[in-house]
Number of protein chains: 2
Amino acid sequence: MNPPRPTNDLSNAPPRRPGGRSADIRRRVLDAVRTQLVEHGYDALNMDAVADRSGVHRTTVYRRWRDVGGLLADVLAEATDDGWRPPDTGSLDGDLVAVNREVYAALTTEPPITTALIAASFRSEQAADALRIFWADRYQRCAVIVRRAADRGEIPARTDPRRLLVAATAPLYHELILLRTSAGPHIAAQSARAAIASARAGAFVD
Amino acid sequence: MNPPRPTNDLSNAPPRRPGGRSADIRRRVLDAVRTQLVEHGYDALNMDAVADRSGVHRTTVYRRWRDVGGLLADVLAEATDDGWRPPDTGSLDGDLVAVNREVYAALTTEPPITTALIAASFRSEQAADALRIFWADRYQRCAVIVRRAADRGEIPARTDPRRLLVAATAPLYHELILLRTSAGPHIAAQSARAAIASARAGAFVD
C-alpha cells in the first residue's frame, strides 16, 4: 500500500502499477537508493549497497544504471515523469499558496529525501543535471497558474510566469535549505502572497 | 597587494594588517583552505594538505583548528568579522540593488569560493553552523536599510526587515546555487525591485 504523498517532492515512487518485471526492478532499486541516501548519505551510496538492499542482482544494477550518478538521475527522472499537475483553485492566491504548501511539505517531510537529493547534487554532475531538469519541468508546468490569473485579470497580462513562480518559491528553499532556519509553515502563504503583490504591481512584466 | 573584492562574499581574507605571527599563520592557513576547497573540493580538504599548502607546521594546524570542520568554521568566522557595512545610497532601491549586486558577484565570481563553502555546508555540521551565523549576521546588518526606508516613508513603518531582505536576495541564491541557471546580472536589480514592490504593498507587515 502506498500512502498519499505530497507530489511536488522528490520521493514520489509512483503507485505500483502494471509494468512487469522491469518496472518492478526499477521500483525496488530506486526505493533502495532513496532509503540508502536518507539513512546514510551520499558517501554510503554505492552500487553494491543498493543492489543488496533492493535484492536485485548486482549485474543487473550495473548494466542498467552504470554508476551512482545514473541511479540518482533515474530517481529524479522518475519524479519528473510523475504526471503531477499544478492546483487549479480558481484564484492565483489559492493556486500559489497550494504550490508553496507542497514545496514546504517536500522540504520538511521525514525522511528528508528532497534535501538529501539537493545535497547529492553538489557531489554528482548527473544528479545536478537531473535536478535542474526536474525543477525546469515543475516551473514549466506551473506556468499555467500565472496565465490563468492573467486571463482572469488578477495580474498584468504580460507577467513573466517563471519570474513570479521563482519569487514565490525561492524564499522557502532559501530559508529551509541554505539558511537552515526553522521557518514555520506560515512561510508558504506569506511568500506566495508577497510575490502576488509584486506581480500586481507589474514587477514581473518585462 | 590585495585587489579590491566584493565584501558580501565569503572569500574576503582581510587585507594584511598588523597582528603578528599568529595573525599571519591564520591568514596563510585560511588562504590555503579556500584555495584547496576551490581547486579540489571538499573531498581533498584535509589537515595535512592545508598544512603543506600553507607552509605552516602540521602540529600547529592540528592544535589550533583540530579538524576540517574547524578550518571551515574559521573561514566563515573570518568572513563574518570583516567589518562589512551595508550600502547607504539614500534610497531603498539604491541600497537593495547594491546589496543584490554584491550577492550576485559573490555567487558568480571565480574562483567560486562561496559556492564551494555552501557545498561544504552539506558535508560538515560545523560549516553549516558557521554559514548560518554568517548569513544571520549579514541579514541583521542589512536591517538598517529597511529601517531607514521606513523612516523616509518609502515603505510601511512596520515592515519586517528580514522578510523583505530574504525576498530580495532569495531568487539569486535559488537561480544560481540550486536551479543552476545562468541568470544574468540583471536579476540583481529585478529581484530587489520586485521585493520593494511587495514591501510598498504592505506584504511584509506582520
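Two rings of Phe, Tyr or Trp form an aromatic pair if their centres lie within 6.5 Å; planes under 30 degrees apart count as stacked, and planes over 60 as edge-to-face. The exercises below use this rule on a predicted model.

**Exercise 1.** Find how many aromatic pairs there are over all chains, and classify the pair of A:Phe122 and B:Phe122.

*Solution.* Step 1: the count over all chains is three aromatic pairs. Step 2: the rings of A:Phe122 and B:Phe122 lie 5.0 Å apart, centre to centre, with 20 degrees between their planes. Step 3: an angle under 30 degrees counts as stacked, so this pair is stacked. Step 4: the pair crosses between chains, and each Phe122 sits in the loop between H6 and H7 of its own chain. Both A:Phe122 and B:Phe122 are buried.

**Exercise 2.** Classify the pair of A:Trp135 and A:Tyr173, and decide whether each residue is buried or exposed.

*Solution.* Step 1: the ring centres are 5.4 Å apart and the planes make 85 degrees, which gives an edge-to-face pair. Step 2: A:Trp135 belongs to helix H7 and A:Tyr173 to helix H8 of chain A, 38 residues apart. Step 3: the cut-off for buried is under 20% relative accessible area. A:Trp135 has 4%, so A:Trp135 is buried; A:Tyr173 has 6% and is buried too.

**Exercise 3.** Describe the interface of chain B and chain A.

*Solution.* Step 1: 35 residues of chain B contact 35 residues of chain A. Step 2: about 2,900 Å² is buried between the chains, 64% of it from carbon and sulfur atoms. Step 3: B:Phe122, B:Leu178 and B:Arg180 lose the most area in chain B, together 24% of what that side buries. Step 4: four salt bridges cross the interface, including that of B:Arg123 with A:Asp43.

Technical notes
Residues numbered from 1 in each chain as written. Chains lettered and ligands numbered in written order. Predicted model: local features only at pLDDT ≥ 70, side-chain atom pairs only at ≥ 80, totals over all residues. Heavy atoms only, no water. Contact = heavy atoms within 4.5 Å. Buried area = accessible area lost by both parts, 1.4 Å probe. Salt bridge = Lys/Arg side-chain N within 4 Å of Asp/Glu carboxyl O. Phe/Tyr/Trp six-rings, centres within 6.5 Å; stacked < 30°, edge-to-face > 60°. Helix = DSSP H or I, 4+ residues; strand = E, 2+ residues; numbered from the N terminus. Buried < 20%, exposed > 50% of the residue type's maximum accessible area, 1.4 Å probe, protein only.
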